[in-house]
Amino acid sequence: MERGWGEVMKKYTYTDKKDTRSGFGAGLLEAGKRNDQVVALCADLIGSLKMQDFIAAFPERFFQTGIAEANMMGMAAGLTIGGKIPFTGTFANFSTGRVYDQIRQSIAYSNKNVKICASHAGLTLGEDGATHQILEDLGLMKMLPGMTVINPCDYNQTKAATIAIAEYEGPVYLRFGRPVVPIFTDPDQKFEIGKAWMVNEGADVSIFATGHLVWEAIQAGEKLAEEGIDAEIINIHTIKPLDAEAILASVRKTGCVVTAEEHNRLGGLGDSVAQVLATKLPTPQEYVAVDDSFGESGTPEQLMTKYGLDAAHIVAAAKRAIARKTK
Amino acid sequence: MTTDISELKNVASQVRRDIVRMVHGCQSGHPGGSLGCTDYLVALYFSAMKHDPKFSMDGIGEDLFFLSNGHISPVFYSVLAHAGYFDKAELATFRKIGSRLQGHPTTHEHLPGVRIASGSLGQGLSVAIGAAQAKKLNKDSSLVFTLHGDGELQEGQIWEAAMYAPHNKVDNLIAAIDVNGQQIDGSTKNVLSLGDLHAKWVAFGWDVLEAKGNDMESLLAVLAEAKSRTGQGKPIVILLHTDMGYGVDFMMGTHKWHGTAPNDAQLAQALGQLEETLGDY
């Protein structure tokens, strides 16, 4: 009898799909209920960031800054000085590149307890096109000393991460997205910053995925299993601090790596993993990422296929990585 | 806290000596704006502000000050030291390796009295607004003060913040602008004209006051007036008309001493014009 994928690949299913930004909105409301020091700021994108419920529950703890992101970041830094825990909300593009110097000086260097919450990250923003599709944000944020960088994979994980960062002291970049995607993680999960999540144990190749690419990695794992390839899949939701132990432990078993992210291949998860491996355990690695280009208009699905960020591309990358293993 | 003019002038004279000695000691830094803003910072820390040199980052129940034009760190550090935040002997470490007195102020080295890093211009007004909003949420009736350079007003973020504060009635905030008409490359008129500053701030919805920025009586009067106008729905801004380099004749009124250190002879000449009132560090 042939080995079915179910025997090597843990089964993940979903009954519902939601956008990760709605997970942020739900998490923000919950964080606000748990701690009255939590406040929120938004630069004219309340609906897009799903902040309505927090605002309805805590109107006096919300600050509408208008289309003025630099001022929003500075205000957030100032609010911490009175003991507040500010969550800023705007698109990922305007949360990072537009306000890099404000984050660098007033938040990161000043070590302020600001949570920079960024929606519509990456290609899956879709039709608005490359002006809004930032693919460099993880790199920009992880280069800042002291900044924690988190990119959760579905609604439940984004909600849990939002609650967790409110309880963590220090600056955080939380990245999420616009499209509706499968919900496949535990609704009651405890989110541990910096702790990778073992999605599926395997022996032939390690697939390290973040954000929307985790579900694609699961799809890829099923296809690989059908071909008799036993993929280990790990969700690296925290890009920084990186769970190097989990990465090294996996690679010692499998001997080859695929990294998968909705980001430029320069400066993202892949480069963080490569740095660990190059210095600790040199290993063949293949990147599933945008090949140093801007995006364009299109549906999220069309863009993910065109720019090589889907399950099929992960399968191909896994085979290339396995072929490079030294016997 | 004092309103004794001669006492305040004595502090200012010593602070000015500290400034030129600190900048001379490391052969770098910004004496011009520091000398010009000395009287205002002395008036704030020794007269107008309710503050505690035991220093807590939250500053709850205290008035807060944010230096947005962080390059005038020498005056800030000297005033903090004389106000009791740290030992004035530490002023000798300014800009030297391993010092808490970095070239521009930072919280990174945990220097008491500093609540935000500044130096990259244009950010302090936003930070101050955030801190002022936090005070309101905390039902804390104390005030937030800031200082900005006039050249700094060329940064766009200033005007984002300037629009925000009146719209949201941030009326526990007293900003001040060091109007010395000079910036690194020359006069503000020549580099990028600021136009009618009074009218600009009025147009943005601020309550605008003006003062002679190197006249202690004028400063105490304007600060008393500014404090009396808080809580009335508008943020307040004071236009401080100062001379860059005030107190040292050859540094006055020119952008040339914005970021230049005096040599030994120039130091001696400057110190000859500034009475040692409280003892050099």
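1. In chain B, the residue B:Ala175 has B:Val237, in strand S7(B), as its bridge partner. The two strands concerned, S3 (residues 173-179) and S7 (residues 236-241) of chain B, pair in the parallel sense over 6 bridges, where pairing requires that DSSP finds at least two bridges between two strands. Helices (H or I, at least four residues) and strands (E, at least two) are DSSP runs, numbered from the N terminus.

2. The model is a predicted one, in which local features need pLDDT of at least 70 and side-chain atom pairs count only at pLDDT 80 or more, while totals for chains, interfaces and linings use all residues. Residues are numbered from 1 along each chain as its sequence is written, and chains are lettered from A and ligands numbered from 1 in the order in which they are written.

3. The pair S3 and S7 belongs to an open sheet of 5 strands in chain B, with parallel pairing and the order S1-S2-S3-S7-S6. Strands S1 (64-67) and S6 (207-212) of chain B stand at the edges with a single partner strand each, so one side of each is left without a neighbour in the sheet. From one strand to the next the twist averages 20°.

4. Helix H8 (residues 216-228) of chain B lies across S3, S6 and S7 of chain B, and runs at about 165° to S6(B); axes here are lines fitted to C-alpha atoms, for helices over the stretch in contact, and angles run from 0 to 180 degrees between N-to-C directions.

5. Chain B as a whole has 9 helices and 7 strands. Its radius of gyration, taken over C-alpha atoms, is 17 Å, close to the 19 Å that the globule rule (2.2 Å times the number of residues to the power 0.38) gives for 281 residues, so chain B is as compact as a globular protein of that length.

6. Chain A comes to 14 helices and 14 strands, and 62% of its 327 residues count as buried, that is, with 20 or more other C-beta atoms, placed from the backbone, within 10 Å of their own.

7. Between the chains, 22 residues of chain A are in contact with 27 residues of chain B, contact meaning that the C-beta atoms of two residues, placed from the backbone, lie within 7 Å. Helices H5 (69-81) and H7 (100-109) of chain A each supply at least two residues of the side of chain A that touches chain B, and the largest share of that side, 9 residues, comes from H5(A).

How values were computed
Buried ≥ 20, exposed ≤ 12 C-beta atoms within 10 Å, placed from the backbone.
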